[in-house]
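Subject: Structure for your review

Dear colleague,

Please find below the structure that I am handing over to you. My findings follow it, and I would ask you to read them with the model open.

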Amino acid sequence: MSALTALLLAAAPAMVVIDESETVREEAPPHGAIGMSTAWRISDHVPAPRSFEFRKRALHVGAAIGVHPISHDEIYYVMSGTGVVHSDGEEAELKDGMAAWLYKGAKVGIRQTGSEPLVLIIAYPNEKPAP
């Protein structure tokens, strides 16, 4: 371990507790701005260094995270609602309690289906962890 890494780790807090109500905003979903969503950018409130991202997003009726390439594994976990996840041309239906593990190098996306918002937890590693 380098001296800089050791110093950064020593400066990191033992834990951070985040109230999701402090992270919420309305915005178009990423990768195509298809419809609208509610985003809880939870990991944005964690000080550096952090090695992964943790987000919650509600895709409103008709909304989607557009198909895009990923350079890391990524997880979509469905808290409520229904949707269809896409990975490299394959699609699968998802509902509450289901997760899609998407692999590095795939082209992925997810769209809301049904009459209720699709609420997801999305987790993935940082490309470049904050120093």
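In what follows, a pocket is an open set of grid points with protein on both sides within 12 Å along at least five of seven lines, and its lining residues are those with an atom within 4 Å of a point. Please note that this is a predicted model.

With that definition, the second largest pocket is lined by Ile 18, Ile 42, Ser 43, Val 46, Arg 50, Ser 51, Phe 52 and Phe 54. Its volume is about 150 Å³. Sorted by class, this lining comprises 5 nonpolar, 2 polar and 1 charged residues.

The largest pocket holds about 260 Å³ of space. It is lined by 17 residues, of which Pro 30, His 31, Arg 55, Glu 74 and Tyr 124 are the closest to its centre. The lining has 7 nonpolar, 4 polar and 6 charged residues. At least two lining residues come from each of E3, strand E4 (64-69), strand E5 (74-80) and strand E10 (118-125).

I turn now to the sheet. Six strands form an open, antiparallel sheet, in the order E1-E2-E3-E10-E5-E8. At its edges are strand E1 (24-27) and strand E8 (99-102), each of which pairs on one side only. On average, neighbouring strands of this sheet are turned by 20° against each other, direction ignored.

Which residue of E3 is the bridge partner of Trp 40? The partner is Lys 56. Strand E2 (residues 37-40) and strand E3 (residues 52-59) are joined by 4 bridges in the antiparallel sense.

Yours sincerely,
A colleague

How values were computed:
Residues numbered from 1 in each chain as written. Predicted model: local features only at pLDDT ≥ 70, side-chain atom pairs only at ≥ 80, totals over all residues. Heavy atoms only, no water. Pairing = 2+ DSSP bridges. Axes fitted to C-alpha atoms, helices over the stretch in contact; angles between N-to-C directions. 1 Å grid on protein atoms, 1.4 Å probe; cavity = no way out; pocket = protein on both sides within 12 Å on 5 of 7 lines; lining within 4 Å. Points joined across faces, edges and corners; volume = space filled by probe spheres on them. Nonpolar A, V, L, I, M, F, W, Y, C, P; charged D, E, K, R; others polar.
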